[in-house]
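User: I'm new to reading protein structures. Could you take one part of this one and walk me through it closely?

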Amino acid sequence: MLIEENPDGIHAADLVVGIPSYNEADLISYPTQQASEGLVRYFGGKNSVIINCDNHSTDGTREAFMNTPTEVSKIYLSTPPGVRGKGNNFKNLFKKSCDLGAQAIVVVDADLKSITPRWIKNLGEPLFEDFGFVAPLYVRHKYDGTITNNIAYPMTRCLYGRRVRQPIGGDFGFSGELAEVYLRQTDWTEAIAEFGIDIWMTTTAMCYGTPICQSYMGRPKVHKPKDPGESLGPMFLQVVGTIFDMMIKHANFWQGVRWSKPTAIFGFGLGEMEMPPPVDVNIQRLYDKFQAGFADYGSLWKEILSTSLFKKFSEVRALPLSGFEFPANLWAEMLIDFGVAYKNRVNQKGKLLESLIPLYFGRTCSFVIESEPMTIQQAEELIEEQCEVFETAKSYLLNNWSE
Amino acid sequence: MKKILIVDDEEVIRMLYGEELEEEGYEVATAGSGHGLMEMIEREKPDLVILDIKMAEHDGLDLLQEIRKSFYNIPVILCSAYSSFKGDLKSIAADYYVVKSADLSELKQKIKMALEGQIPSQPALK
């Protein structure tokens, strides 16, 4: 049962800013204030509302949100007690936005520390022009967003042919029309109800002919970054599982995609980009977790990977940390083998995804070592080169998918 | 025959690239600056544009934005003697970025990829 608090009795809105949350009492006020300022400054002529879509937080998130002084009206929505998941929050947001008749919806994370009113403008304005989906474009530290850099970005680009640098950025804009499309989809899974929601939204937009653009935010995304070796948890399984599920669902579409195309860019002229704060990564821990994976999953990997790939992979395993390298082409083909196995081994999906985690640690360890002497810009070039490796590996995917 | 427009303020580059690409079977048009470039694209209707960045009178990255506004679907390859512009976020609006070299094999490969690139016509929102 949806829980709603709507003190101003808002029944219609042109533009909605949604802030999904779970236990973000300490941080949610700031993005709420910035959203309100952005709506007033840049969308003064439109009916706007800010919606906190929450997972029934117990730390006072609702009070922190509702008590934040704003010029714009606020609505609090929550899943019932005990029902978690970012995707469930989004589903409530989709429904509410459609009920309000919103033309445009902007969502921003509740833990954002670097958001400015301009973010609301840049994520929202294209939706009143020709675009139906807006992804953020911001500078992140080279070690932040490792699932994005090593899996989500290269895989979506290779599969669907659209270059969206932050497909799971968490801060998006989408049209009311696309919100209705999202609501009508019947492939809702437990993973999408949680952290799979971001990649699901981006991929769905790509596969339904939605005009997509990327928008400069002008400031780096500063939130609560995590060391990828320290805390990864279910997020990896949900994001990667959703990528593979979407791969199956949209196979007819991506099989017709050849190479990739740049995406329209919005929001030039913001001046120099600020550099993001550093992120610490413990490469010894990544390496150890990679090596430890062999004991648990070595035999499964041997079944999944092609003979030649497993041979190359065994060479990587033998490398000491001081000379460790997990090449991008090997990583791309391994992910492809996993995607194919995920399609074919219906009863082993959970274990397959779990077994991919140590390999991801290995690739991340290699990426951190290789990019250590690089500037953020040089590391970006490395990520772009990795994407081209993935695109080149697509013929390997096409050959193996239907066998 | 696919037509390629080369925009570069160095005549020798226009000639070298033009000859090589004609040998590859492309029709080539050239422009020595960004003056009247949009009109030229409208007139010549190239299938692809090769665009220098650091030109005497124009910034190729600004021209790229102009091209994207008016001719969104034409592939553009940035071709510069400098790799440092890859770090400029504006450059991601290009299909590819190639550092100038006497060996044109990378440029030719990227031209092929840009011309072959396809995304199937997608169903409208439903």
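User: Please look at the sheet in chain B: which strand does strand 1 of chain B pair with, and over how many bridges?

Analyst: Happy to! Keep in mind that this is a predicted model. Strand 1 of chain B, residues 3-7, pairs with strand 3 of chain B, residues 48-51. The two strands are joined by four bridges, in the parallel sense.

Now let's step back to the whole sheet. In chain B, five strands make up an open sheet with parallel pairing, and their order is 2-1-3-4-5. At the edges you will find strand 2 (27-31) and strand 5 (96-99) of chain B, each of which pairs on one side only. As you go from one strand to the next, the twist averages 20°.

Next come the helices. Helix 1 of chain B (residues 11-23) packs on the sheet and touches strand 1, strand 2 and strand 3 of chain B. The direction of helix 1 makes about 165° with that of strand 2 of chain B. Helix 2 of chain B (residues 37-44) lies across strand 1 and strand 2 of chain B, and runs at about 165° to strand 1.

Finally, let's see where chain B meets chain A. The contact takes 24 residues from chain A and 21 residues from chain B. On chain B's side, helix 3 (60-70) and helix 4 (105-116) each supply at least two residues. Sorted by class, that side of chain B has 11 nonpolar, five polar and five charged residues.

Terms used
Residues are numbered from 1 along each chain as its sequence is written. Chains are lettered from A and ligands numbered from 1 in the order in which they are written. This is a predicted model: local features need pLDDT of at least 70, side-chain atom pairs count only at pLDDT 80 or more; totals for chains, interfaces and linings use all residues. Two residues are in contact if their C-beta atoms, placed from the backbone, lie within 7 Å. Ala, Val, Leu, Ile, Met, Phe, Trp, Tyr, Cys and Pro count as nonpolar, Asp, Glu, Lys and Arg as charged, and the others, Gly among them, as polar. Two strands pair if DSSP finds at least two bridges between them. Axes are lines fitted to C-alpha atoms, for helices over the stretch in contact, and angles run from 0 to 180 degrees between N-to-C directions.
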